Amino acid sequence: MVFEVSWSDGVLVENDGIRMLLDPSRFTNISANYFFISHAHKDHTSGFMENNKIKYSTTQTISLFEGMFKKKVKNAVSCVYGQPSDLHKLELKIVNSGHVFGSGALVLTDRDVTFLYTGDFNFTDTLTQKAITPIECDILVVETTYGRPNFTFPPREDVYYDIVEWTAKTIKENNLPIFLVYPIGKAQEITKLFNLFTTIPVVTHPAISKANEIVNKFGDTLTYYDLLIDGAELIKSKNCVALFPSTFSPKILKSTYPCAKIAVATGWTLLYSNKNIDASFALSGHADFPQLIQFIKACRPKMVYTIHGYASDFAIRLNKMGIHAKPLFR
Ligand SMILES: [Zn+2]
């Protein structure tokens, strides 16, 4: 194969002396000449902490990282979706992956051979992101976070409806609805949901306000009230919905806000439950099992490498379907 693919604290792709490490989880691999950072979630951005490597990423992802983690990225190549650039004899392109604001899939082309790395991706339109577009490729590295058939998400519109209904009911009962969400991704989607379809004000924890502010700088119009600034009175009145980072403990929130009802919005709700959570909604930024299969078939790859989640399991399923696949282990 023109591209060699292996795991080395990230996906290492090699082509004729070029060694690019994709979403390194640490930055100890000194033999890679380039990094690619697919999106601004913390488990994908270690590469930004390294100062000397050349890092390819989207302008949006770099801005989110710099704003959220207060660190200037050095030696970054800031890319625009769909605009090809030359990397020695390769063509390099980042395309929208549909996961969160700024998230990108990487396309490398060597003459007529195409390599595609999805990063985290979603194959359905959401209120804030367009679904990834399948790309015909020879080698596909695909994330399989939800790579088992039990991860089949309900229609997104139904989930949106359930979220709004539960929130309205909670407010009506004189309680405070709080969603625990990722500050990058789910927070913008839920802010947008309430902005578009309700008059319920959205109060955001400062980390989420920061992410919303950066997204708005790129042209979105998210409306929100910061918990420590203009949202404090709204919280007291309980006539609002509050968004906190998912790292917050439901127990601590309930002791701070005795009327709080806590909800989560994640695909994992199909597998796990938590007695301190009052409501859970299967809203995910990732492709579910049927979408993974549909996406891979549409890309018509000759070879598939699976990463994250049920990588081995999913690769076995693909092989049974006649699609040559192998997991890349951490
Ligand atoms: Zn992610």
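Reply: A donor is an N, O or S atom within 2.8 Å of the metal. The model discussed here is predicted.

The zinc ion is coordinated by His39 through NE2, His41 through ND1, His99 through NE2 and Asp120 through OD, at 2.2 to 2.4 Å. Along the sequence, the residues that supply these donors follow the spacing H-x1-H-x57-H-x20-D. Histidine 41 and histidine 99 are 58 residues apart and link distant parts of the chain. Histidine 41 belongs to the loop between strand E4 (34-36) and strand E5 (54-58), whereas histidine 99 belongs to the loop between strand E8 (90-96) and strand E9 (104-110). Both histidine 41 and histidine 99 are buried.

What is the geometry of the four donor atoms around the zinc ion? The angles that they subtend run from 89 to 170 degrees, so the arrangement is irregular.

Histidine 205 is found between strand E13 (202-204) and helix H4 (206-217). Its relative accessible area is 17%; because buried means under 20%, histidine 205 is classed as buried. Beyond its neighbours in sequence up to four places away, histidine 205 touches Asp226, Leu227, Leu243, Phe244, Pro245 and Phe248.

Serine 284 lies in the loop between strand E17 (279-281) and helix H7 (289-299). With a relative accessible area of 2%, serine 284 is likewise buried. Leaving aside residues up to four places away in sequence, serine 284 touches Asn122, Tyr146, Phe153, Arg156, Lys186 and Gly267.

Arg156 also takes part in a helix pair, on the H2 side of the contact between H2 and H3. The axes of helix H2 (residues 156-172) and helix H3 (residues 186-197) come within 11 Å and cross at roughly 70 degrees. The two helices are therefore roughly perpendicular to each other. Tyr160, Ile163, Val164 and Thr167 are the other H2 residues in this contact, and H3 contributes Glu189, Leu193 and Phe194.

The crossing of H1 and H4 is right-handed. In H1, Ser63, Leu64, Gly67 and Met68 meet Ala207, Lys210, Ala211 and Ile214 in H4.

Notes:
Residues numbered from 1 in each chain as written. Predicted model: local features only at pLDDT ≥ 70, side-chain atom pairs only at ≥ 80, totals over all residues. Heavy atoms only, no water. Helix = DSSP H or I, 4+ residues; strand = E, 2+ residues; numbered from the N terminus. Buried < 20%, exposed > 50% of the residue type's maximum accessible area, 1.4 Å probe, protein only. Contact = heavy atoms within 4.5 Å. Donors = N, O, S within 2.8 Å, 3.2 Å for Na, K, Ca; no water. Tetrahedral: all angles 85-135°; square planar, octahedral: opposite > 155°, others 65-115°. Left-handed = near helix turned anticlockwise from the far one by under 90°. Axes fitted to C-alpha atoms, helices over the stretch in contact; angles between N-to-C directions. Parallel < 35°, antiparallel > 145°, perpendicular 65-115°, else oblique.
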